[in-house]
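Here are a few friendly notes to read alongside the model. Take them one at a time and find each residue as you go.

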Amino acid sequence: MMTVDEGIDFVNYAAKVDAAGEMPITEYIVAEEVPDTMPINTNLLGLVELILKRPDRLERVIREPARKADLLPRFLAIALTGFVFFGVALSLIFTSAGQWPKLTPIRDLVAGETTTVIAFQSQTAGQSAATRWLDGSALRLIAAYAIGLVAASGICLPSLYFYGLLSGIRMSMLDVVIQTLKAKATAAVALVGILPIYAALGLGILIFDAPQLVREVMFWLGLVLPFIAGLFGTYSLYRGLGTFADTLLPERRGLRESFLQQLVLSWSACYTAVTPIMIHTLWVALAKV
């Protein structure tokens, strides 16, 4: 049975015969791309679907001025929901393993009083898996990640706006905010997608009673998992800001696009440096409450 690649027009085709009048040769005419006129659903589930399936269409949607005011809180809601879900899953893994991160202030590390800011300690006698939920430790972990991941973006927003000005693109602060929140929402969706794999790996290590070193590697992997998922958000930001190259003069577009790419990578490096400090600082501050 003959199969036809996707994109072939099954209606418009013609059968031809070669010059010798022998085997008919079927020539398929590739259909022209049909404009996407389907209505766009921009509620929470609709935005998640666009992030997963149609990022190109999402970039066009967020450039529409009439939609920006509605998209801002929805992107933020998607990001916070994903990060909260991650915090709950990570807390469950820690409590199931009977261990919990012990934090040391960064200033102690700078002063040379300690060699690490996070160490994993086993639960003491009399503590159960529910202890960390009852004393608020799990809630502090969830809040530190959910707030810290978003707050770090807010701290880095002015630099991203400044980088945009350096590249010469015409982008308002509102455009910078919505692109950043879109990147956060993309990272949160990717994080939720990665979580089942991490949870299965963690449960396997716990069930087979892996050595402590292997467990700590798994714990550290969980702590940095948002940064791994953040690569998807970085690409989304890179792609989104790249669409603003159409605001440049044609003769300058090629050079400026390359410059803009370098600036986005520089901002991502700045964000990656700020975020762990923000999360750790919040976590330590909440532990004192």
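**Notes on cysteines, a threonine and some rings**

1. Cys270 is partly exposed, with a relative accessible area of 31%; buried means under 20%, exposed over 50%, and partly exposed in between (1.4 Å probe, protein chains only). Please keep in mind that this is a predicted model, where local features need pLDDT of at least 70, side-chain atom pairs count only at pLDDT 80 or more, and totals for chains, interfaces and linings use all residues. Residues are numbered from 1 along each chain as its sequence is written, and side-chain values use heavy atoms, leaving out hydrogens and water.

2. Cys156 is buried, at 2% relative accessibility. The count of disulfides is zero.

3. Now look at Thr95, which is buried at 9% relative accessibility. Its side chain has a polar atom 2.9 Å from the backbone oxygen of Ser91. Leaving aside residues up to four places away in sequence, Thr95 touches Trp100, Ala129, Arg132 and Trp133 (contact means heavy atoms within 4.5 Å).

4. Nine aromatic pairs turn up in the whole structure. Rings of Phe, Tyr and Trp (its six-membered ring) pair if their centres lie within 6.5 Å; planes under 30 degrees apart are stacked, over 60 edge-to-face, and the rest tilted. Phe94 and Trp100 are edge-to-face, 5.7 Å centre to centre with 75 degrees between the planes. Phe94 is buried at 0%, and Trp100 is buried at 4%.

Conventions
Disulfide = S-S within 2.5 Å. Polar contact = N/O pair within 3.5 Å; in protein donor to acceptor, adjacent residues only side chain to side chain.
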